Amino acid sequence: MIRITSQLAIDENEIELQFIRASGPAGRTSTRCRLPCSCALDVARSPSLPEDVRARLMKLAGNRLTNEGELLIEAKRHRTQERNRQDAIARLVELIRHATEKPKPRIATKPTKASKKRRLETKKQRGEVKRGRGKVED
């Protein structure tokens, strides 16, 4: 089990790790770790994720989310498979942890009497300026 928060954990069987060849001239060994959460952690159908967390995670994932609802995280910072695997899982956990935070609801405020009065005064002044632009009569 991969612990996300105190109430949320994801089974390791839900995550599919796939190692692919690193790009460039030194790409002779399969060290780059690619973490597609397609077969394993399918965000759209994961039993471990609550509905509200799933919706926020899909919004946060952006272009890392496929059309089928699979989250793809690619790790290629390190030179070993193990460190790239740890990096990919840590980034996945951090993304899910960020999705578990509920956004603070916005509280609408009303304008004060003084601000309403100032707004009306400036509108009156502007109207006077425009009214003064008419033709001048003798």
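Biologist: In which helix is the place of lysine 113?

Modeller: In this predicted model, the helix that spans residues 113–131 holds lysine 113. The helix in question is α3.

Biologist: Is lysine 113 buried or exposed?

Modeller: A residue counts as exposed when its relative accessible area is over 50%. For lysine 113 the relative accessible area is 76%, so this residue is exposed.

Biologist: Which residues gather with Lys113 in a patch of positive charge on the surface?

Modeller: The patch of positive charge on the surface includes Lys113, whose place is in helix α3. The residues that gather there with Lys113 are Lys110, Lys116, Arg119 and Lys123.

Biologist: Against which elements do the buried residues of α1 pack?

Modeller: Helix α1 covers residues 51–61, and its buried residues are Val53, Arg54, Arg56, Leu57 and Ala61. Just after this helix, glycine 62 takes a positive phi of about 60°. The buried residues of α1 pack against β5 (70–75) and α2.

Biologist: Is aspartate 87 buried or exposed?

Modeller: The place of aspartate 87 is in helix α2, residues 81–100, and, leaving aside neighbours within four places in sequence, aspartate 87 is in contact with Ala75, Arg77 and His78. Because buried means under 20% relative accessible area, the value of 9% makes aspartate 87 buried.

Biologist: How many residues apart are arginine 91 and aspartate 87 in helix α2?

Modeller: Arginine 91 forms a salt bridge with aspartate 87, with 3.4 Å between the closest N and O atoms. Arginine 91 is partly exposed, at a relative accessible area of 27%, whereas aspartate 87 counts as buried. About one helical turn separates arginine 91 from aspartate 87, because their spacing in helix α2 is 4 residues.

Biologist: What is the N to O distance in the salt bridge of arginine 97 and glutamate 94?

Modeller: Arginine 97 and glutamate 94 lie 3 residues apart in helix α2, about one turn of the helix. Arginine 97 counts as partly exposed at 32% relative accessibility, and glutamate 94 is partly exposed with a relative accessible area of 47%. Their side chains meet in a salt bridge with an N to O distance of 3.8 Å.

How values were computed:
Residues are numbered from 1 along each chain as its sequence is written. This is a predicted model: local features need pLDDT of at least 70, side-chain atom pairs count only at pLDDT 80 or more; totals for chains, interfaces and linings use all residues. Side-chain values use heavy atoms; hydrogens and water are left out. Patches are made of residues with over 30% relative accessible area and no salt bridge: like charges are joined within 9 Å, nonpolar side chains (Val, Leu, Ile, Met, Phe, Trp, Tyr) within 5 Å. Accessible areas come from the Shrake-Rupley method with a 1.4 Å probe; for residues, only the protein chains shown count as cover. A salt bridge is a side-chain nitrogen of Lys or Arg within 4 Å of a carboxyl oxygen of Asp or Glu. Lys and Arg count as positive and Asp and Glu as negative; His and the chain ends are not counted. The place of a charge is taken as NZ of Lys, CZ of Arg, CG of Asp or CD of Glu. Helices (H or I, at least four residues) and strands (E, at least two) are DSSP runs, numbered from the N terminus. Buried means under 20% relative accessible area, exposed over 50%, partly exposed in between (1.4 Å probe, protein chains only). Contact means heavy atoms within 4.5 Å.
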